[in-house]
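Please examine the sequence and the structure before reading the solutions.

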Amino acid sequence: MASLGTTLLPLSLSRSRSDPSPSFCFGFSFSLALRKAVERECCARCRRRPLSSRVRAVVTQGIPVARTVKANGRERISDEHDDISILHEKIRRESSGKREGPQTTMASAEADKYIQMVKMQQQRGLRKLKGEKEGAGEGFSYKVDPYTLRPGDYVVHKKVGIGRFVGTRFDVRKGSTEPVECVFIEYADGMAKLPVKQAARMLYRYSLPNETKKPRALSKLSDPSAWEKRRIKGKFAVQKMIVDLMELYLHRLKQKRPPYPKTPALDEFAAQFPYKPTPDQEQAFLDVYKDLTERETPMDRLICGDVGFGKTEVALRAIFCIIAAGKQAMVLAPTIVLAKQHYEVISERFARYPDIKVGLLSRFQTKAEKEEYLAMIRQGLLDIVVGTHALLGTRVVYNNLGLLVVDEEQRFGVKQKERIASFKTSVDVLTLSATPIPRTLYLALTGFRDASLIATPPPERVPIKTHLSPFSEEKVLSAINFELARGGQVFYVLPRIKGLEDVVDFLEQSFPDVPIAIAHGKQYSKLLEDTMEKFALGETKILVCTNIVESGLDIQNANTIIVQDVHKFGLAQLYQLRGRVGRADKEAHAYLFYPDKATLSDQALERLAALEECRDLGQGFNLAERDMAIRGFGNIFGEQQTGDVGNVGIDLFFEMLFESLSKVDEHRLVPVNYKNVQLDIDIRPQLSSEYINRLENPVELINEAEKAAGKDIWSLMQFTEQLRRQYGKEPRSMEILLKKLYVRRMAADLGISKIYTFGKVVGMRTSMSKRVFRLIVESMPTDIFRNSLVFEDNQIKAELLLELPSEQLLNWIFQCLAEFYDAMPALIKC
């Protein structure tokens with residue numbers, strides 16, 4: 001492999017034999033004489049003839065060159081992908097999941113302002129995540145305390161890689177007589193030891209979101225380069241994640257809507273709230289009100305607060321502001337039970353305003369009723385629409401939607417979450433949650449999402465007593481007897497439908513005169529509705545159910561909940577279930593039963609310990625942070641992140657993420673105007689008259705190619721693909737012309753204003769920073785270009801072993817910029 005500053009030289013390739021037919025020479029600017037010559041040639045043609053759409057690339061030392069072959073006396077193109085097609089595939093692969101087209105950019109001053117906002121919010125979020133007591137000036141770290149490790153734990157050394165922790169013991173180091181406490185780590189090819197103090201600075205715990213996953217293999221002490229490649233891959237993935245977030249929110253920042261008017265009627269509406277707001281509630285009201293009335297960008301705020309802490313009232317006041325301005329509001333709930341409860345609360349709260357129409361779209365309605373509601377929504381006759389994920393369907397067309405309220409977003413599926421995200425670029429969004437999922441919490445803590453925390457409980461709320469123990473029929477019966485004796489009701493929750501009937505049989509034998517009912521999500525709609533209504537009215541005393549009651553059910557008289565097999569529930573689920581009781585001034589009890597601690601995984605034990613510790617009111621946010629620490633942050637964008645996290649483990653991955661966030665303004669790429677890009681290579685391709693005769697209007701087509709290249713890479717890609725669909729794969733002369741357009745287009749996007757050659761040197765004058773250049777080079781998939789490029793005096797240079805013919809030189813530059821382009825998703829374009 002060549003050393004830095006040199007490159008493997010492509011072998012000299014013979015040029016194709018000249019076409020005996022008349023030909024014309026094309027550069028980037030066409031003189032009037034050339035245009036007329038082409039036009040005369042076009043007029044001479046008698047009819048269009050098809051051209052084969054097959055291509056073959058001959059690759060020599062990493063540089064593909066298109067090649068034609070003879071067939072039936074005519075030049076034809078072989079059928080392998082050429083390097084333009086390969087570039088298209090790469091760009092589409094990198095852009096998968098995004099809209100096809102140019103990404104949003106903004107003025108440099110606007111970008112500066114927003115980046116600083118993100119960095120400030122990130123610092124506040126990190127201080128909250130790590131605890132204010134540790135001081136505002138300290139850097140957040142995921143490094144592991146060696147004394148907390150257990151033999152067999154997987155760890156990551158930042159410079160060496162993934163190993164297995166063996167233990168600590170005192171050892172005498174070479175050249176010393178005093179014993180030093182050392183950490184011993186097993187790697188694939190040997191044992192390493194390092195002092196505890198050094199280990200505390202270099203070690204991270206290796207963990208993954210999926211607790212069953214282990215590293216594919218341990219790193220080798222003898223081959224640090226393999227680990228370095230994995231670490232760089234993880235670092236590049238981190239940077240891509242940040243840029244994806246930045247582009248999403250920069251795009252959101254560009255969406256403008258006039259601030260909503262400040263209406264005095266809101267004070268009257270707020271005065272109808274029957275309780276005295278807590279200080280946290282007041283602050284949340286103020287945050288939302290400022291978002292709506294003082295900002296020109298759509299709101300995306302998370303309201304995090306325990307069950308019964310007043311999140312819904314915050315949403316109701318936001319809805320009032322929107323409705324007063326003549327817009328519609330949508331309230332989205334994960335279950336029909338919760339949707340119906342929201343509908344009842346909203347209807348009661350807006351009962352004094354007969355002009356405001358509230359509707360509930362649910363599966364309990366007949367087809368005719370649904371059609372009527374859909375028409376009312378479309379015509380703007382419903383001001384507030386409440387429902388489940390059915391509201392996200394394509395048939396639901398809003399007349400003038402202004403606000404989306406999402407309750408417990410974590411309960412929705414991936415497709416529903418993507419649909420919710422699509423609303424965020426056009427309407428104001430308010431998300432309510434007692435225990436936000438790690439992804440949502442992370443976005444709030446890192447500044448990409450606004451958040452308001454309601455941690456102060458209402459004065460009348462009493463903490464819930466939590467009892468965690470192995471399952472015992474005697475304890476179950478004792479808990480139920482206690483609640484029934486004081487006139488209350490009981491939730492009995494299992495993790496699955498199977499087993500509900502067995503529990504009912506057991507309870508009916510023990511309490512023959514007590515009304516007992518079953519509730520789960522697969523029941524007929526009407527039966528489920530009747531069951532929940534009877535329990536809400538107090539007619540049913542014990543409800544045996546699945547976690548369908550997890551969100552929103554507000555029954556004042558139900559103050560005991562029994563959860564069986566708690567190890568099969570998530571931490572947030574358990575916290576939500578526990579919040580179903582304790583809504584009144586009575587002391588509530590939550591009994592959490594597990595089969596046997598010896599059968600539980602380490603993460604299950606951690607979840608139960610966290611739940612025991614977070615017993616006080618208002619700790620949903622703290623519990624979500626614990627959940628984030630136990631499970632990791634989850635997949636920020638999707639499944640593709642799992643492999644990136646697996647390369648280095650969650651802890652190092654997110655330390656790199658926070659480090660990159662703090663330097664986000666250093667990873668900006670400022671494009672240049674396409675018209676200002678100079679390509680100083682003496683190559684003027686000749687198009688044969690045969691190919692020209694096949695084209696409808698060659699002059700117009702070449703002009704369209706220039707226009708497409710001047711617009712953006714997607715337009716150029718679409719032009720090329722349309723050209724090939726209509727006329728087949730172009731001959732090599734046309735491919736060279738297209739490559740010159742692609743080189744200039746890619747150069748413009750990369751901030752390169754001039755490409756020139758001098759002897760064996762290829763130079764590129766650029767506006768990118770040295771840090772951006774390093775990031776690009778580190779991300780290059782092959783060594784052939786990575787090892788040849790240097791950055792000096794705002795120029796990127798490569799010294800070849802000898803001078804290349806013009807066509808091969810163009811191919812070299814094309815391939816180099818194509819690899820540069822691979823790093824574009826990790827750069828902020830503005």
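Buried means under 20% relative accessible area, exposed means over 50%, and partly exposed lies in between (1.4 Å probe, protein chains only). The model is predicted: local features need pLDDT of at least 70, side-chain atom pairs count only at pLDDT 80 or more, and totals for chains, interfaces and linings use all residues. Residues are numbered from 1 along each chain as its sequence is written, and side-chain values use heavy atoms, with hydrogens and water left out.

**Exercise 1.** Determine how far apart the closest N and O atoms of Arg724 and Asp82 are, and classify the burial of each residue.

*Solution.* Step 1: a salt bridge requires a side-chain nitrogen of Lys or Arg within 4 Å of a carboxyl oxygen of Asp or Glu. Step 2: the closest N and O atoms of Arg724 and Asp82 are 2.7 Å apart, and the two residues form a salt bridge. Step 3: Arg724 belongs to helix α23 (residues 713–727), whereas Asp82 is in the loop between β4 (74–77) and α2 (83–94), so that distant parts of the chain, 642 residues apart, are linked. Helices (H or I, at least four residues) and strands (E, at least two) are DSSP runs, numbered from the N terminus. Step 4: Asp82 is buried because its relative accessible area is 1%; Arg724, at 14%, is buried as well.

**Exercise 2.** Identify the network to which the salt bridge of Lys729 and Glu735 belongs.

*Solution.* Step 1: Lys729 and Glu735 form a salt bridge, with their closest N and O atoms 3.4 Å apart. Step 2: both Lys729 and Glu735 are buried. Step 3: through shared partners, salt bridges join Asp82, Asp83, Arg724, Lys729, Glu730, Glu735 and Lys739 into one network.

**Exercise 3.** Describe the salt bridge between Lys262 and Glu294.

*Solution.* Step 1: the closest N and O atoms of this pair, Lys262 and Glu294, are 3.5 Å apart. Step 2: Lys262 lies in the loop between α5 (224–254) and α6 (265–271) and Glu294 in helix α7 (residues 279–294), so the pair ties together parts 32 residues apart in sequence. Step 3: Glu294 counts as partly exposed because its relative accessibility is 47%.
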